[in-house]
Amino acid sequence: MHLRENSHLYHLHEMHYAAMAPLNMMANAGKAFHRHPLSPLAHTGFGRHMAAAAELLERVTHRYGKPEFGITHTKIDGKRVEIVEEIVESKPFCRLIHFRKEKSKQQPKMLLVAPMSGHHATLLRGTVEALLPFLDVYITDWLDARNVPVYCGDFHLEDYIHYVIEFTQMLGPDVHLMAVCQPSVPVMVAAAVMNQTKDKATPRSMTLIGGPIDARVKPTKVNQLSMEKPLHWFETHVITRVPFNYPAFMRRVYPGFLQLTSFMALDPDRHINAHKDLFKHLIEGDGESARAHKKFYDEYLSVCDLPAEFYLDCIDQVFQRFLLPRGEFVYDGKKVKPEAITETALLTLEGELDDISGVGQTEAAQHLCKNLPASMKKHHLQPGVGHYGIFNGRKFREHVVPIIVEFVEKAEK
């Protein structure tokens, strides 16, 4: 019954956007009219207020598609180096993207494993840009589940781990792994499996950033919400089927719009105040502040659906049963042994103000890798940053990236 009701919810969501389309067009026209240089209203306070109101209405009724990475160049040793974005591998649920540098010296290979958590991999654009001067960067570009036809099959957490292992083997044997947030668990599992099996492509290092290795440590609101309800509740209340107007018609998914709603509900005042500030910046002509707001929210409001089985696996195995820290995680029918990690150096990074993955949850990996020499382990807690600040922004570029680069270069030797 609940699944049927939630299917209706997705259809209602689609109908809402269809109904808002005329209003969005009117708002766009109103914005253009009140800003046109030939309009007498454009030069008045009333015109600026109307244009700002119209733009705000346009943005809240707009449907945000997947953004582009749009990275065309970087600087290495003060010199501009062109970047060519190329797809080096395509699989049903993921594309592996390489940010190839034209005429550049050889650098350590870094596979950046993006989260499959409702946002596109482009959320890590700033992460990629900050790493490019120092590393040869690849990224997992997970596809929106509503665009993956049902005949492609299901996608479980184990499939995610398999993708990471396969990509690592393809790029190895001298590759480094980096996981931001949710993929910390599957990346650590992948590294453990490859160490256990003595895989020739075993990664030289892994960097885990703000991830729920042990979600029992200082649980946040997100962790508490995951533990409050039984798994069956999630399956019957937040899992739905893709509507007929998408390639994945009838695929069971956790919709991106529900994930976005839950994220915004954690701190609604922040988002309301941010849009109030945008209105003020537009009226005052503060273009730089307005652009910064729009750049962030264009990315933040662009969401994608998750395969239902993957989402439920994460709730069950990571946030409810804590299988990895309890030594009970199973991959390919065998128990995963983090203590088998002896060849892959480990760097864990946390933000002091992280309200998604509590302080200590990522550091738990240090204790699980008990047979890894101390010389191959490092932990860093970055003061004054929250969840996003630990992998993006000024403090990430100035304080965290040098730590990552130094650690990777040490693991190269």
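Begin by selecting Pro115, Met116, Ser117, His119, Trp142, Leu143, Cys304, Asp305 and Leu306, which line the second largest cavity of this predicted model; here a cavity is a set of points, on a 1 Å grid over the protein atoms alone, where a 1.4 Å probe fits but cannot get out, and lining residues have an atom within 4 Å of a point. About 40 Å³ of space lies inside the second largest cavity, where a volume is the space filled by probe spheres set on the points, and grid points are joined across faces, edges and corners. Sorted by class, its lining has six nonpolar, two polar and one charged residues, with Ala, Val, Leu, Ile, Met, Phe, Trp, Tyr, Cys and Pro counted as nonpolar, Asp, Glu, Lys and Arg as charged, and the others, Gly among them, as polar.

Before moving on, note that residues are numbered from 1 along each chain as its sequence is written. Because the model is predicted, local features need pLDDT of at least 70 and side-chain atom pairs count only at pLDDT 80 or more, while totals for chains, interfaces and linings use all residues, and side-chain values use heavy atoms, with hydrogens and water left out.

**The largest cavity**

Next select Leu157, Gln182, Pro186, Pro212, Cys314, Val318 and Phe319, the residues that line the largest cavity, whose volume is about 50 Å³. Helix α11 (residues 308-320) supplies three residues, the largest share of this lining; helices (H or I, at least four residues) and strands (E, at least two) are DSSP runs, numbered from the N terminus. The lining of the largest cavity divides into six nonpolar residues, one polar and no charged. In total, there are two cavities of 30 Å³ or more.

Select residues 157-171 to see the whole of α4, whose 15 residues reach 21 Å from the first C-alpha to the last, close to the 21 Å expected at 1.5 Å a residue, where the expected span is 1.5 Å times one less than the number of residues. Then step on to Gly172 and Pro173, which are joined by a cis peptide bond with omega of about 10 degrees; Pro173 sits in the loop between α4 and β6 (175-180). Most residues other than glycine have a negative phi, and most peptide bonds are trans.

**Helix α5 and two lysines**

Colour α5 (184-196) next: it has 13 residues and reaches 18 Å from its first C-alpha to its last, close to the 18 Å expected at 1.5 Å a residue. After α5 comes Lys198, with a positive phi near 55 degrees, in the loop between α5 and β7 (205-209). Lys198 is exposed, at a relative accessible area of 65%. Lys218, in the loop between β7 and α6 (221-228), has a positive phi of about 40 degrees although it is not a glycine, and with a relative accessible area of 58% it is exposed.

**Aromatic rings**

Show the rings of Phe, Tyr and Trp (its six-membered ring), which pair if their centres lie within 6.5 Å, with planes under 30 degrees apart counted as stacked, over 60 as edge-to-face and the rest as tilted. The whole structure holds 14 aromatic pairs. For one of them, select Phe69 and Phe99, whose ring centres are 5.2 Å apart and whose planes stand at 80 degrees, so the pair is edge-to-face. Since Phe69 lies in the loop between α2 (45-60) and β1 (73-76) and Phe99 in strand β3 (residues 94-101), the pair ties together parts that are 30 residues apart in sequence. Phe69 is buried at a relative accessible area of 4%, and Phe99 is buried at 0%. Finally, select Phe93, Trp142, Phe155, Tyr160, Tyr163, Phe167 and Phe310, which form one aromatic cluster; Trp142 takes the tour back to the lining of the second largest cavity.

Notes:
1 Å grid on protein atoms, 1.4 Å probe; cavity = no way out; pocket = protein on both sides within 12 Å on 5 of 7 lines; lining within 4 Å. Buried < 20%, exposed > 50% of the residue type's maximum accessible area, 1.4 Å probe, protein only.
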